Each structure stands twice: as C-alpha cells, then as structure tokens.
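My entries follow in the order in which I worked.

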Amino acid sequence: MINALYNFTAKGLLKALSFILATALCAVILLNSAEFASQFGGKTPYLVIVIFYGMAILWIHGIGFEIRSTLWKAIFLPLLGYAIVIPTLFIFLMK
C-alpha cells in the first residue's frame, strides 16, 4: 500500500510541484520570518516542526531522491507533505 502511494507520486510533474511548493514555502519563511514565527510559532510551537517536516518531505521528493525502504517511504510520503504544505501556504498568504 505504501509503495503504491509512493509510486503514484513518482511522476515528473508531481516532483516538479514538490520542488516548487518547497521553494515557495522556504521563500515565504525567509522573507517574512517574524510574521511566520508569530503566526505559527506563538501559541503552538510544535506546529512549526510539522511545517518544517512537510517542507523536508517535499524537498526530498522534489530533488528526486529515491527512497528504497518501505519504512522510509512511509515517513517521507509526498502526499503527507502536500497535506501539510499546501494549507500552510494558503493560510499564510491569505492573511
């Protein structure tokens, strides 16, 4: 099941999307670090760790690193990264 989900996202366009989303989130964090820290790190600092985890997943997937172990595929599943990063960008950019 994990291998099927991981292979579903192993297409070139989705890897490019991962790279673009990770780059966009990194740019947003670097350019607006004070606002990002106050919005996401104020009351729930663990939320920032989850956001960085999602960004790391998309960096790994977007760069094209191939994961062979099923355990690591489950930990770095790109669909999980999308589920974290897309709402984060939407929330941060709509404010």
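Predicted model: local features only at pLDDT ≥ 70, side-chain atom pairs only at ≥ 80, totals over all residues.

**Entry 1, the end of the chain.** I began with I91, which touches Q39 and F40 when residues up to four places away in sequence are left out; a contact here means heavy atoms within 4.5 Å. I91 and Q39 are 52 residues apart in sequence, and their C-alpha atoms are 9.7 Å apart in space. I91 is found in helix α6, where helices (H or I, at least four residues) and strands (E, at least two) are DSSP runs numbered from the N terminus. With a relative accessibility of 45%, I91 counts as partly exposed, since buried means under 20% relative accessible area, exposed over 50%, and partly exposed in between (1.4 Å probe, protein chains only).

Residues are numbered from 1 along each chain as its sequence is written, and side-chain values use heavy atoms, with hydrogens and water left out.

How many salt bridges does the structure hold? I found 1 salt bridge, the term meaning a side-chain nitrogen of Lys or Arg within 4 Å of a carboxyl oxygen of Asp or Glu. K15 forms it with E66, and the closest N and O atoms are 2.8 Å apart. K15 lies in helix α2 and E66 in the loop between α4 (46-63) and α5 (70-75), so the pair ties together parts that are 51 residues apart in sequence. K15 counts as buried at 17% relative accessibility, whereas E66, at 49%, counts as partly exposed.

F19, I20 and I63 form a nonpolar patch on the surface, with about 320 Å² of accessible area together. Patches are made of residues with over 30% relative accessible area and no salt bridge, like charges being joined within 9 Å and nonpolar side chains (Val, Leu, Ile, Met, Phe, Trp, Tyr) within 5 Å; accessible areas come from the Shrake-Rupley method with a 1.4 Å probe, and for residues only the protein chains shown count as cover. F19 is found in helix α2, residues 12-31, and counts as partly exposed at 37% relative accessibility.

UniProt, in an unreviewed entry, places the feature "transmembrane region" at residues 12-34, 46-65 and 71-93. For residues 12-34 I noted 96% helix and 0% strand, with the end C-alpha atoms 34 Å apart; for residues 46-65 the span is 90% helix and 0% strand, with the ends 27 Å apart.

Of its 95 residues, 33% count as buried, and residues 24 or more positions apart account for 75% of the contacts with a separation of 6 or more. The accessible surface comes to about 5,900 Å², and 76% of it belongs to carbon and sulfur atoms.

Methods. UniProt positions renumbered as here; feature names shortened; annotations may be inferred.
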